[in-house]
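Please inspect the sequence and the structure before reading the solutions.

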Amino acid sequence: MRLRLLRSIVLVIVATVLALGLPLGIVSWRLVDDLVHSSITAQLESINASLNAQQMGSGSIDLNQVAVAIPAGWRLEYQLAGQPPVAVGAPASEHMVNSYLTSVSDGTLTLYSPNTQLRNEQFLAIGLVLLAVLISIVVGVGVALITARRLTNPLSELANRAARLGAGDFRTFKQRYQVAELDRVADVLDSSASDISELLRRERDLASDISHQLRTRLTGLQLRLDELAEHPDAAVRTEVTAALEQTDRLVNIVNDLLANARSQRAAGAAEIVLTAELAEIENEWSASYSAAGRVVRIECPDGVTVRATGVRLREALGVLLDNALSHGAGEVLIRVRPDHPLVLVEISDQGPGIPEGLAGHIFDRGVSGASSSGLGLALARAFIEADGGRLELRRARPPVFGAFLVNAVTD
């Protein structure tokens, strides 16, 4: 897109510059011609004044007396009607420009100048016009580059944000671009992210509540039916056995539906080499931690692979690293324990940890021990759970978070 936009702007600039440059070149060419002829005419009038004075004083005209006023390479010619011309200076040539006027005794006085000076000045004027055109094009291309970058970079960022929204990243961004239309798109993306996140949270909570209530009620029903299975009446026992079979089938259906929902959420997950993924995360956060005088250390065995979505995993661990940078202290350790069937990724630091009374609600939306929005950890848990894993607080003080990821080896 940037190339197309740049090409369009440059073509408009070139067309505009040429539309103005060509007429300017023609006008400059003719203007120089007029100026040179005006200069020749002015000099001719000066010579003519000298000849008039000579005519009045001596009664005759001698061009040799004004020869000193003729520049080198020029030619002065005087002609009376019906008489051959009298000339001084350079020989006549077709490569000359001239100016003439009626002189003393109704004669014609003509002053010739080599056209070299005229052409040099004309080409100089054309060169200046071309230079101005070139500078205009260069400046226009520079402006086009800046404009294209200013438009395409935000569009690329918005496209990435839309892609991350589709991948399950529901965070909002404060960055705006001082372009009303682009800022409007950014506002809509942020609003959509919040709405979708809230909608999915309500659906997950509803599904969790429904499954819990169904399982509780089905378990109670099974217990009651188990008691009735000892009834002395054979007909009653037969009906109770049939009811127990239907109840077992209903329990299996509920479990299958929940498992299918979890598998659909993790459908976008793929095998990821955890060492490479953690190395990218370390590179991303190393500058921020170095500026704070802290380090991030990773302990991960080679060859560990998990089933996850890269963007979700990076965002979830990024939330934990951001919290550790803002509220923690000392070294941050990311330790990988490849236990079957899950891979445990622990993130710990030496900070004061989670306040008492908050540890049980740290993943709830809107709950925060600082002045933040309380959305980060809730989103981090949603990212991990979306790929079939889970995120827990394993220790409150000093804090240790554990992300359990699906082991690709046993998946």
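**Exercise 1.** Determine the strand order of the open sheet of four strands, and identify its edge strands.

*Solution.* Step 1: the order is β2-β1-β4-β3, with antiparallel pairing; strands are DSSP runs of E of at least two residues, helices runs of H or I of at least four, both numbered from the N terminus. Two strands pair if DSSP finds at least two bridges between them. Step 2: β2 (86–89) and β3 (96–102) are the edge strands, as each pairs on one side only. Step 3: neighbouring strands are turned against each other by 15 degrees on average, direction ignored; axes are lines fitted to C-alpha atoms, for helices over the stretch in contact, and angles run from 0 to 180 degrees between N-to-C directions.

The model is predicted: local features need pLDDT of at least 70, side-chain atom pairs count only at pLDDT 80 or more, and totals for chains, interfaces and linings use all residues. Residues are numbered from 1 along each chain as its sequence is written, and side-chain values use heavy atoms, with hydrogens and water left out.

**Exercise 2.** Describe the pairing of β1 with β2, and state which residue of β2 E77 stands opposite.

*Solution.* Step 1: β1 (residues 75–79) and β2 form an antiparallel pair over four bridges. Step 2: E77 faces A87 of β2.

**Exercise 3.** Which strands does helix α2 touch as it packs on the sheet?

*Solution.* Helix α2 (residues 115–166) touches β3 and β4 (108–114). Its direction makes about 55 degrees with that of β4.

Conventions:
Contact = heavy atoms within 4.5 Å.
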